[in-house]
Amino acid sequence: MFERLDQLEKLSRELEPTAEQRESTRDKVIAYSENFLNGIGELKAFESKPDKGIGLLASPISEDPMNIDEVIDLLHLNVDSQGLNPASAGHMGYIPGGGIYYSALGDYLADVSNRYAGIFFASPGAVRMENMLIAWFAKVLGYPETAAGNLTSGGSIANLIAIVTARDAKRINSLNVARSVIYLSQQAHHSIQKAVRIAGLDECILRYVNVDEGFRIIPDDLENLIEEDKKNGLNPFLIVATAGTTDVGAIDPIDAIGDIARRHELWFHLDAAYGGFFMLTDEGKKKLKGIEKSDSICVDPHKSLFVPFGLGAVLIKDTRQMQKSLAYLANYMQDAMNSTDELSPADLSPELTKHFRGLRLWLPLKLHGTKPFAACLDEKLLLAKYFYQEIQKLGFEVLCEPELSVVIYRYVTKIGDPDEFNKRLIEAVQNDGRIFISSTTLNGKFVLRFSILSFRTHLENVKLALKILGEKVDVLS
Ligand SMILES: *Cc1c(COP(=O)(O)O)cnc(C)c1O
């Protein structure tokens, strides 16, 4: 037995590299990442290669090790130099992410110490850190200090947690689900419909409220629908509004919707995944007026706080209900359950074991302070206004004024099908690759979206986008 143990130990000890091995491997990883960051200005925002990363498959996971240089080559060729580059300042499609550097260092530290941030007993400091971040969100978003919250992997899970809590708070069950009604607009993010289905609410009635010319919910229309449904013996229980819709960046009239929800005793969930942190700016505060009237809110630090992908958050005013919906006691966890001074993330989420994700936001907030974050968001609001002005001078039509940092526009051709032309235009821009823009369909029209949120996108990048769009129009028309 001891001989066998000796053999096994020798092999398993390979999982603990020596200080020298750590240093040499780390140096190569750092050199690679520095190279990436120093060259980020020259990297394309979008690159389509015919092999599509298939080289990875030629190097299957095997019993035997490979050296770091070869591994970095695989990563470089097959992953980091293909497709959409979210780290690029030229990423102006979808809702861009970012990836501020100190988050990477936060992740590194969290991974090295591997603190367990699920339960207060296990790591009081890690849980306090996450709860401090939730409390700071509450302050920024106008929520009471007593609100509970959870750091999730993203906005979709945040929306799911809110919808599950709303379902239980409003006692939706097998007896009433089919006559229970959820109100939203066609502009709501599809993670809402997904969450509704996962939460077992697929049999609910989904009422799509009409939107105005700026693609915002019309409050009177919402209230009429609720009243009519009540008259017909149905059970309205949930309104979902959006602060920053994905298509156009529209903000539903939050204040008026909050009043309607209160009057009719409905749960009001606000999906502010994209728009929420604009509350750090004066303009954002005006635009998101009434935000505190919501019962739950979803925000996405991996969008509007620029951290790398993997961090969303949900805040819920009714702490007890959130715990009732998401906490569970297991026998094997009994020692961990007697601490009461802080809420434990595991009691507010479907997750038990999770990444210590607080550190990837706490570290940059501590090292930068909040001012550059607010400035960066203000900058994006202004840049969107600038693009909105300038793109019209190039003969494009705009569909609505930007409320946040998305502009919807399309080129109006004198002859031929404008949908067809704009499809060719987006293709030309994507093939060029220096910037990346996306498209959507609004009122049956194919339209282009200019959407900026990367912390790296500044005036020079917007000017380049305008220049490229102008050049491609000239070539195509
Ligand atoms: C991005 C987004 C989501 C989904 O969030 P993920 O972080 O991608 O899961 C939900 N709602 C809105 C409005 C969004 O912009």
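**Surroundings of one asparagine**

Author: Not counting residues up to four places away in sequence, N78 touches D51, G53, I54, G55 and L56, where contact means heavy atoms within 4.5 Å. This is a predicted model, in which local features need pLDDT of at least 70 and side-chain atom pairs count only at pLDDT 80 or more, while totals for chains, interfaces and linings use all residues. Residues are numbered from 1 along each chain as its sequence is written, and side-chain values use heavy atoms, with hydrogens and water left out.

Reader: Where is N78 found, and is N78 buried or exposed?

Author: N78 belongs to helix α3, residues 68-80 (helices are DSSP runs of H or I with at least four residues, strands runs of E with at least two, numbered from the N terminus). N78 is buried, at a relative accessible area of 11% (buried is under 20%, exposed over 50%, partly exposed in between, with a 1.4 Å probe and protein chains only).

Reader: Which backbone oxygen does the side chain of N78 reach?

Author: That of L74, at 3.0 Å, and a polar atom of the N78 side chain also lies 3.2 Å from the backbone nitrogen of G55.

Reader: Changing topic, what is the strand order in the open sheet?

Author: The order of the 5 strands is β3-β13-β14-β12-β11, with mixed pairing (two strands pair if DSSP finds at least two bridges between them). β3 (91-92) and β11 (396-398) stand at the edges with a single partner strand each, so one side of each has no neighbour in the sheet.

Reader: And how many bridges join β12 and β14?

Author: Strands β12 (residues 406-411) and β14 (residues 445-451) pair over 4 bridges in the antiparallel sense, and I408 stands opposite R449 in β14.

Key. Polar contact = N/O pair within 3.5 Å; in protein donor to acceptor, adjacent residues only side chain to side chain.
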